Amino acid sequence: VQLQASGGGLVQAGGSLRLSCAVSGSIYRINSMTWYRQAPGKQRELVAGSTSGGSINYADAVKGRFTISRDNAKNTVYLQMNSLKPEDTATYYCQTEIVNEFRLTYSFWGQGTQVTVSS
């Protein structure tokens, strides 16, 4: 199973970016897809998550500004980030929990995509 994240970049404060993360490989079911971020010198933190059951959760710091969505047909999760702030600067990682063809559950991480917000 591979995760390919894209969409990061440099943007001015108040701007927007859309991250994508596509999951490929031998997948029976995707249980959850989640975005995390890690700023220099800080611990990795959850940004937004989406489960197959339709549950969505956001970190308080991004509520009202970020939106997570999924295209199940493409096994892709998106993170629309609006009203970006300099404190949103971080490397963003997607993570997924999948069930494979043997009905075994695994967790995988993407390679990270850099988001830099200038003031």
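In the predicted model, Cys-21 and Cys-94 are joined in a disulfide, with 1.9 Å between their sulfur atoms. A search of the whole structure returns one disulfide. Cys-21 belongs to strand 3 (residues 17-24) and Cys-94 to strand 9, so the pair ties together parts that are 73 residues apart in sequence. A disulfide is a covalent bond between the sulfur atoms of two cysteines. The link of Cys-21 and Cys-94 is right-handed, with 55° about the S-S bond. Both Cys-21 and Cys-94 are buried.

On the surface, a nonpolar patch is formed by Phe-102, Leu-104 and Tyr-106. Together, these three residues present about 330 Å² of accessible area. The relative accessibility of Leu-104 is 41%. Leu-104 therefore counts as partly exposed, since that class covers values between the limits of 20% for buried and 50% for exposed residues.

With regard to confidence, the chain has an average pLDDT of 96, and 100% of the residues score at least 70. Within the chain, the lowest confidence is found in strand 1 (residues 2-6), where the mean is 93. The highest confidence is found in strand 2 (residues 9-12), at 98.

How values were computed. Residues numbered from 1 in each chain as written. Predicted model: local features only at pLDDT ≥ 70, side-chain atom pairs only at ≥ 80, totals over all residues. Heavy atoms only, no water. pLDDT = per-residue confidence, 0-100. Helix = DSSP H or I, 4+ residues; strand = E, 2+ residues; numbered from the N terminus. Patch = residues over 30% accessible without salt bridge, like charges linked within 9 Å, V, L, I, M, F, W, Y side chains within 5 Å. Areas by Shrake-Rupley, 256 points an atom, 1.4 Å probe, with all protein chains shown as cover. Salt bridge = Lys/Arg side-chain N within 4 Å of Asp/Glu carboxyl O. Buried < 20%, exposed > 50% of the residue type's maximum accessible area, 1.4 Å probe, protein only. Disulfide = S-S within 2.5 Å.
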